[in-house]
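Colleague: I'd like to learn how to read a domain interface. Can you take me through one?
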Amino acid sequence: MRAAYHESQGGLDVLRVGELPDPEPDPGDVLIRVRATSMDRVDVYWREGSHGMKLRWPQHVGGRDIAGVVEAVGEQVETVAVGQRVVASGERTHATLALAPSELTFPLPDGISFEAGGATPTAGRSAHQALIEKAQIQSDETVLVMAAGSGVGSFGIQIARATGCRVIATAGTADKRARAMELGADLAIDHYDDDIVAAVREATDGRGVDVVLDHVGTPVFAAAVRSLAPEGRFVTCGVTAGHMGELHLGQLFVKGITLMGVGRPDNQRIAATMRGLLAMIDQGQVTPEIAAKFGLDEIAEAHRLMESSDFFGKIVLTP
Ligand SMILES: NC(=O)c1ccc[n+]([C@@H]2O[C@H](COP(=O)([O-])OP(=O)(O)OC[C@H]3O[C@@H](n4cnc5c(N)ncnc54)[C@H](OP(=O)(O)O)[C@@H]3O)[C@@H](O)[C@H]2O)c1
């Protein structure tokens, strides 16, 4: 197979594109010809060696999302067949072929393109898990989505809107704030220059929001907690800009606030999430936001764009 990989950690110059051995499916695996996959922030962490990430293989191939066509199945697989269009959560997906466990491989509905499918699993299911399963958002609630221009945030806005929530978003540029409003946010706040707590209070008649979806971490944590209404829920699925936060325990107990993380759900729960998310996409309630598309040979450009954060939504690779 052809793959984008790196054998050491460092700058963009460690990235290589070339031939690697084809993966062999175990009995419960599906081998997929990848038509689209995507970049996750963790691919940059892996390449840099930041956030505690170590290389997982001598030739480390990034990526976890797959949309493509089934090439072969392990002997125990009965849920999908060779030639079927599928979307899956696997590993080493920045390649022309990739493996996924059959429990995490789903038929790709006809109305969903390979690019949209390949942009969905990791970011989309994290946003879905955080908002639907963990925070259990309700239709009359207000949700604050931090860093709405991210993969997670762009899904988060739409999932909250599709559930009937009012959405307040934050983003670092005027362009991203405008895009957040187009996606369904009622208000977009500058998370660098605005006073997030004051803007949230003004927009909610002083009450605060019911739920905060965060994946930024340290720089926004205090404001996120202070933006919550009584009985509010804070849910995190990432720590892009720092993993430590200072907590005012008085606010926590007086306001009855709940803090939660998405955790590491087992494959059965991930599958339930994916089915719910794919239904939302198929029904047009959620549309994966594709910021840019790159071929495998342009892997360095894809990493460069992700590092810059100068994009809204997901960066897709089409091997
Ligand atoms: N639990 C899981 O399985 C799971 C799954 C998916 C993602 N994640 C994690 O969730 C995070 C987001 O992932 P992603 O792929 O969606 O990321 P992404 O698309 O790369 O977006 C990262 C965002 O972080 C924002 N940001 C960076 N520094 C900031 C700061 N100092 N203050 C405020 N915002 C800041 C940027 O917003 P601006 O440019 O607007 O400032 C950017 O939009 C990552 O940490 C990732 O590892 C976890």
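Colleague: How many Å separate the centres of domain 1 and domain 2, taken over C-alpha atoms?

Modeller: The centres are 28 Å apart, taken over C-alpha atoms. Domain 1 is 2-120 + 288-317 and domain 2 is 123-261, with bounds from an automatic or database domain assignment. The contact (heavy atoms within 4.5 Å) takes 13 residues from domain 1 and 16 residues from domain 2. This is a predicted model: local features need pLDDT of at least 70, side-chain atom pairs count only at pLDDT 80 or more, and totals for chains, interfaces and linings use all residues. Residues are numbered from 1 along each chain as its sequence is written, and side-chain values use heavy atoms, with hydrogens and water left out.

Colleague: What area do domain 1 and domain 2 bury between them?

Modeller: Interface size is often given as the accessible area lost when the parts come together. Here domain 1 and domain 2 bury about 1100 Å², 53% of it on carbon and sulfur atoms. That area uses a 1.4 Å probe and is summed over both parts. Thr120, Glu289 and Phe312 supply 48% of what domain 1 buries against domain 2, more than any other three residues.

Colleague: Which residue forms a salt bridge with Glu289?

Modeller: A salt bridge is a side-chain nitrogen of Lys or Arg within 4 Å of a carboxyl oxygen of Asp or Glu. The rule finds one across this interface. Arg179 pairs with Glu289, the closest N and O atoms being 2.7 Å apart.

Conventions
Buried area is the accessible area (1.4 Å probe) that two parts lose on being put together, summed over both.
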